[in-house]
Amino acid sequence: MVTFALFADNIIIASGKFIGDGPLLEVLNQSRFWIHGFITPTLILFGWQMAKRIHIPFTEKRSAFYFFLILTSGLIIYECIENIHKTFVPVSEYGVLRYVSEQSSGPPLMVLVVSLVLLVISINIFLRARWIWMLIGVVIMIGGSAIPIPIKSSAITNAFEMIFICSLWYTYYKLEPHFPHSDSSLVLQQKRVK
């Protein structure tokens with residue numbers, strides 16, 4: 001779902017110069033915010049599932065699962081409320097025309113919370129299973145959003161997002177058992193570390 005949201009986001013942004021300023025482009029850009037609001041918080045549950053696959057201790061507690069579930073639901077509700085009250089204005093940057101929220105100032109609260117949760121989980125995965133790629137992806141995503149880069153293109157941000165998503169897919173693949181009666185290589189490695 002998050003991969004779909006990323007592609008949809010980029011397609012809508014890229015289509016701006018062809019569609020031109022107007023109601024259609026505004027509606028399409030509003031949909032970007034709604035898609036992100038509904039889908040991006042679910043990365044918390046993805047992180048939870050990756051942690052559970054290598055038996056990180058906090059995943060054994062049912063109360064912890066409910067905390068992650070409530071946090072995800074809360075962020076989705078928060079984003080819905082925020083989106084209802086947003087007004088959008090056209091912005092042209094580096095030859096790309098899109099609509100952005102007039103109230104925007106820095107990364108949204110939802111993105112900050114999701115990033116923090118994934119950072120904590122990816123650190124735990126690295127310490128327990130010596131799998132660093134999810135952590136690298138999260139750090140690149142956070143660093144790319146927080147540190148200004150002197151490149152006259154928004155494509156660099158998209159590149160960071162793609163690296164981030166690829167690191168999650170790679171983590172999912174490596175932590176997923178490939179055969180019905182076998183553990184993944186990382187789970188076996190984690191057992192050796194124990």
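User: How much space lies in the second largest pocket, and what makes a space a pocket?

Analyst: The second largest pocket holds about 250 Å³. That volume is the space filled by probe spheres set on grid points, which are joined across faces, edges and corners. A pocket is an open set of points on a 1 Å grid over the protein atoms alone, with protein on both sides within 12 Å along at least five of seven lines. The model is predicted: local features need pLDDT of at least 70, side-chain atom pairs count only at pLDDT 80 or more, and totals for chains, interfaces and linings use all residues. Residues are numbered from 1 along each chain as its sequence is written, and side-chain values use heavy atoms, without hydrogens or water.

User: Which residues line the second largest pocket?

Analyst: The lining is Met1, Val2, Thr3, Thr42, Leu43, Phe46, Ile165, Leu168, Trp169 and Tyr172. A lining residue has an atom within 4 Å of a point. H1, H3 and helix H7 (155-175) each give two or more residues to this lining. H7 gives the most, with 4 residues.

User: How many helices and strands does the protein have?

Analyst: The protein has 8 helices and 2 strands. Helices (H or I, at least four residues) and strands (E, at least two) are DSSP runs, numbered from the N terminus. Along the sequence the pattern reads α-α-α-α-β-β-α-α-α-α.

User: Why is H3 called largely enclosed by the rest of the structure?

Analyst: Of the 11 residues of H3, 8 are buried, so H3 is largely enclosed by the rest of the structure. Buried means under 20% relative accessible area, exposed over 50%, and partly exposed in between (1.4 Å probe, protein chains only). The buried residues of H3 are Leu43, Ile44, Phe46, Gly47, Trp48, Met50, Ala51 and Arg53. Across the 194 residues of the protein, 38% count as buried.

User: How do you know whether Ala8 is buried or exposed?

Analyst: Its relative accessible area is 14%, so Ala8 falls under the limit and is buried. Ala8 is found in helix H1 (residues 2-19). Ala8 and Ser31 are 23 residues apart in sequence, and their C-alpha atoms are 9.4 Å apart in space.

User: Why is the pair of Trp48 and Phe68 given its class?

Analyst: The structure holds 10 aromatic pairs. The ring centres of Trp48 and Phe68 are 5.2 Å apart and their planes are at 45°, so the pair is tilted. Rings of Phe, Tyr and Trp (its six-membered ring) pair if their centres lie within 6.5 Å; planes under 30 degrees apart are stacked, over 60 edge-to-face, and the rest tilted. Trp48 lies in helix H3 (residues 43-53) and Phe68 in helix H4 (residues 62-84), so the pair ties together parts that are 20 residues apart in sequence. Both Trp48 and Phe68 are buried.

User: What makes the pair of Phe58 and Phe68 stacked?

Analyst: Their ring centres are 6.0 Å apart and their planes are at 10°, so the pair is stacked. Phe58 lies in the loop between H3 and H4, and Phe68 in helix H4, so the pair ties together parts that are 10 residues apart in sequence. Phe58 is partly exposed, at 23% relative accessible area. Phe68 is buried, at 9%. Ring pairs link Trp48, Phe58, Phe65, Tyr66, Phe67 and Phe68 into a cluster.

User: Where does Arg130 lie relative to Phe126?

Analyst: Arg130 lies over the face of Phe126, at 5.9 Å from the ring centre. A charge sits over a ring if NZ of Lys or CZ of Arg is within 6 Å of the ring centre and within 35 degrees of the ring normal. Arg130 is in the loop between helix H5 (109-129) and helix H6 (133-146). At 46% relative accessible area, Arg130 is partly exposed.

User: What is the phi of His55 and of Arg130?

Analyst: Most residues other than glycine have a negative phi. His55 has a positive phi of about 60° although it is not a glycine. Arg130 also has a positive phi of about 60°, and Arg130 is not a glycine. His55 is found in the loop between H3 and H4. His55 is partly exposed, at 39% relative accessible area.

User: How many disulfides are there, and by what rule?

Analyst: The count comes to 0 disulfides. A disulfide is a pair of cysteine sulfur atoms within 2.5 Å. Cys80 is buried, at 17% relative accessible area. Cys166 is partly exposed, at 45%.

Conventions: 1 Å grid on protein atoms, 1.4 Å probe; cavity = no way out; pocket = protein on both sides within 12 Å on 5 of 7 lines; lining within 4 Å.
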